[in-house]
Amino acid sequence: MKSNVGKILTTAAVAATISAGASAATLDDVKAKGFIQCGVSQGVPGFSNADEKGNWSGIDVDACRATAAAIFGDAQKVKFTPLSAKERFTALQSGEIDILSRNTTWTYTRDTSLGLDFTTVNFYDGQGFMVRKDLGVESAMELDGATVCTEQGTTTELNMADFFRKHNLSYVPVIVQKADEALSAYASGRCDVFTTDKSGLAAHRSKLADPAAHVILPETISKEPLGPVVRHGDNQWKDIVTWALFVQINAEEMGISSANVAKIKADTKDPGIRRLLGVEGNMGEALGLNADWAYNIIAEVGNYGEVFERNVGPKTPVGLPRGVNNLWTEGGVLYAPPVR
Amino acid sequence: MSNNNSTNTSFLNDAGNRALIFQAVLLVVVVAVGYYLFHNLQANLENQGISTGFRFLNEPAGFPILIHLIEYTEADTYGRAFVVALINTFVISLMGIVLATIIGVIMGLARLSQNWLVARLATVYIETLRNLPLLLQMFFWYFAVLAALPHPRDSIIFGDFFLNKRGIYSPNPIFQDGMDFVIVAFVLSIVAAIGLIVWAKKRQTLTGEWFPAYWTSLALIIAVTVLAFIAAGSPVEFDLPQKSRFNVSGGMVLVPEFVAVLIALSTYTGAFIAEIVRAGILSVNWGQTEASRSLGLPDGLTQRLIVLPQALRVIIPPLTSQFLNLAKNSSLGAAIAYPELVAVVMGTTLNQTGQAIETIGLCMLVYGSLSLSISFFMNWYNKKMSLVER
């Protein structure tokens with residue numbers, strides 16, 4: 001009863017936004033409007049970041065582009081909505097965006113109580129700490145009494161609290177609304193430590209005035225499987241987003257890349273590859289897509305390895321090693337179900 | 001009204017009856033729309049599998065809060081985190097209102113000053129701060145404060161006080177046994193002082209004899225409290241701040257987030273209040289001051305007894321709006337890590353629980369009640385002041 005009173009009070013204000021998101025068939029909506037509305041970050045290099053011309057790039061951006069390629073055969077048919085961590089779930093729940101691809105950690109609570117579904121993982125991450133080199137800190141266990149800056153509304157906030165509690169270390173939390181301002185606070189000396197996912201630390205470090213003056217501590221204090229999120233209850237849409245990524249992982253495993261996919265499609269006799277690329281049968285039909293959906297993903301966006309190297313690989317400013325985000329055949333954990 | 005002239009008109013043509021019918025129809029429509037929206041919301045939330053209700057308030061929050069005036073740890077509930085944030089919002093609003101009023105009155109008077117330089121400085125202050133967005137000013141104060149202060153290793157030290165980027169550290173008084181006695185003595189001395197002031201006023205109205213009640217009562221309070229403190233054997237020990245590896249630890253700390261929000265809110269609103277004060281004072285006819293002087297009242301009493309009471313009648317209503325603005329603007333503190341209501345409830349809690357409607361509803365309820373309380377108080381004060389008018 002108590003909860004009902006509260007709900008009545010707020011119903012009028014928010015009912016409109018929520019009810020807009022109630023429609024089920026996202027694929028039909030997307031086809032009708034001609035593009036995918038993709039929720040991304042406000043700027044995390046390597047994951048989702050806009051250049052000065054407003055062109056978005058990054059691993060998370062490519063997840064949306066792959067879906068667009070699968071549906072429209074054109075990876076450019078995506079519009080982006082930059083979201084802060086605290087806005088992101090509401091934006092997806094309310095139907096403002098079709099896919100949330102914003103380095104979002106898959107957790108139990110988020111998957112079960114937000115009315116959302118995590119599709120699959122496009123980056124396996126873990127939370128770490130960054131400190132100034134001149135502090136002489138070598139391990140997170142030495143951080144007793146430190147001041148820690150982080151962004152609000154993330155799993156980071158809770159992991160940090162759990163870590164310090166578990167090891168009985170005291171700390172001062174400075175929790176800032178936006179990642180960029182949290183980083184500025186760290187850069188200005190408000191905090192000793194900046195914490196977020198390790199990939200994010202590498203990305204943010206590349207934005208600092210003197211990246212070499214900061215070190216990322218060796219400890220990884222949490223599991224952070226990041227991946228695209230869709231609304232709960234639209235299974236077809238979830239399948240499309242999921243399999244767009246599986247196709248990219250499978251393509252890398254089969255040695256198919258954007259460079260050779262056209263040639264392989266013409267020449268190959270491998271029935272598995274022929275099925276994948278739509279030469280034999282129509283695998284796309286079950287998803288409500290064309291037979292060449294997988295071909296388009298690989299041709300337009302590339303396989304997972306290409307996406308990784310292009311956005312966060314060792315040759316980029318973010319400079320992350322493949323590590324655990326390698327194929328299972330190469331010692332990583334990427335293992336996609338077969339397309340058959 | 002309908003009873004007086006209902007002799008000849010039919011039921012439907014009666015103005016009173018019609019008004020009632022229209023009101024009833026409107027009520028039905030409002031309730032129906034409200035019910036429809038509520039029902040629609042419930043159904044949609046259920047369809048999408050989003051949890052509803054306020055059960056989350058009893059679940060452990062798991063996140064830390066930088067400033068908590070009551071005991072709070074990560075193991076406490078979302079409900080307690082809500083209360084912590086609520087207190088932070090109240091504290092910053094009330095302190096902001098007091099400080100903004102002081103700044104506003106000083107700046108308003110300064111702008112009216114005969115001194116050319118003082119008047120110009122006040123004008124520059126008012127025009128600059130009124131015309132820049134508050135959020136911008138908050139970032140300015142936050143990052144300006146941070147940039148100006150030294151790193152913890154190079155703290156500025158005055159005795160047991162430390163000043164650095166992490167805040168101002170001071171000794172933290174810890175009350176020992178016997179402090180109760182001092183507090184009781186303090187409260188009793190205040191009661192006595194109030195009694196003294198009331199007595200002095202009464203005597204002045206009856207006999208015209210004046211007694212320096214305010215100074216006497218101040219002396220009384222200080223003397224009684226200090227004596228009680230000494231008699232109880234100085235029952236206070238101090239927790240002194242000390243340098244540690246990263247920060248200064250121990251003691252009491254005033255963090256830069258709080259300082260930045262307080263400065264930004266009070267200087268910004270103070271600029272608006274200054275103009276309201278100036279308008280109020282200018283609205284009082286110069287003849288009033290002249291009349292008062294010709295009666296031989298000194299300038300101080302002229303201001304306090306003649307000009308101010310009349311000016312206040314003009315000042316209070318717009319001042320109320322400024323207080324309301326300040327209370328609501330305190331929500332911008334979320335942007336620079338001040339853990340007030342919006343930051344904790346609509347930021348972290350909303351994100352961890354995903355219950356947008358409940359958390360936003362809670363925030364709306366709080367800001368609504370906070371603003372209404374300020375309104376009620378100011379309306380009461382306004383009524384009290386306007387009684388002075390004849």
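Predicted model: local features only at pLDDT ≥ 70, side-chain atom pairs only at ≥ 80, totals over all residues.
In what order do the five strands of the open sheet in chain A stand? The order is β10-β9-β11-β8-β12 in chain A, and the pairing is mixed. At the edges stand β10 and β12 (214–216) of chain A; each has a single partner strand, so one side of each is left without a neighbour in the sheet. On average, and with direction ignored, neighbouring strands are turned by 30° against each other.

Let us look at one pair within this sheet. Strand β8 of chain A, residues 127–132, pairs with strand β11 of chain A, residues 193–197, in the antiparallel sense over five bridges. In this region A:Phe129 stands opposite A:Thr195 of β11(A).

Two helices accompany the sheet. The helix α6(A) packs on the sheet and touches β8, β9, β10 and β11 of chain A, with a direction at about 155° to that of β9(A). The helix α7(A) lies across β9, β10 and β11 of chain A and runs at about 160° to β9(A).

I turn now to the contact between the chains. Chain A and chain B contribute 48 residues each. Among the elements of chain A that give two or more residues to this contact are α6 (155–166), α7 (179–187), β9 (146–151) and β10 (171–176). The largest share on the chain A side, 13 residues, comes from α1(A). By class, that side has 19 nonpolar, 20 polar and nine charged residues.

Finally, chain B. An unreviewed UniProt entry lists residues 86–378 of chain B as "domain: ABC transmembrane type-1". Over these residues the chain is 71% helix and 9% strand, and the end C-alpha atoms are 21 Å apart.

Methods
Residues numbered from 1 in each chain as written. Chains lettered and ligands numbered in written order. Contact = placed C-beta atoms within 7 Å. Helix = DSSP H or I, 4+ residues; strand = E, 2+ residues; numbered from the N terminus. Nonpolar A, V, L, I, M, F, W, Y, C, P; charged D, E, K, R; others polar. UniProt positions renumbered as here; feature names shortened; annotations may be inferred. Pairing = 2+ DSSP bridges. Axes fitted to C-alpha atoms, helices over the stretch in contact; angles between N-to-C directions.
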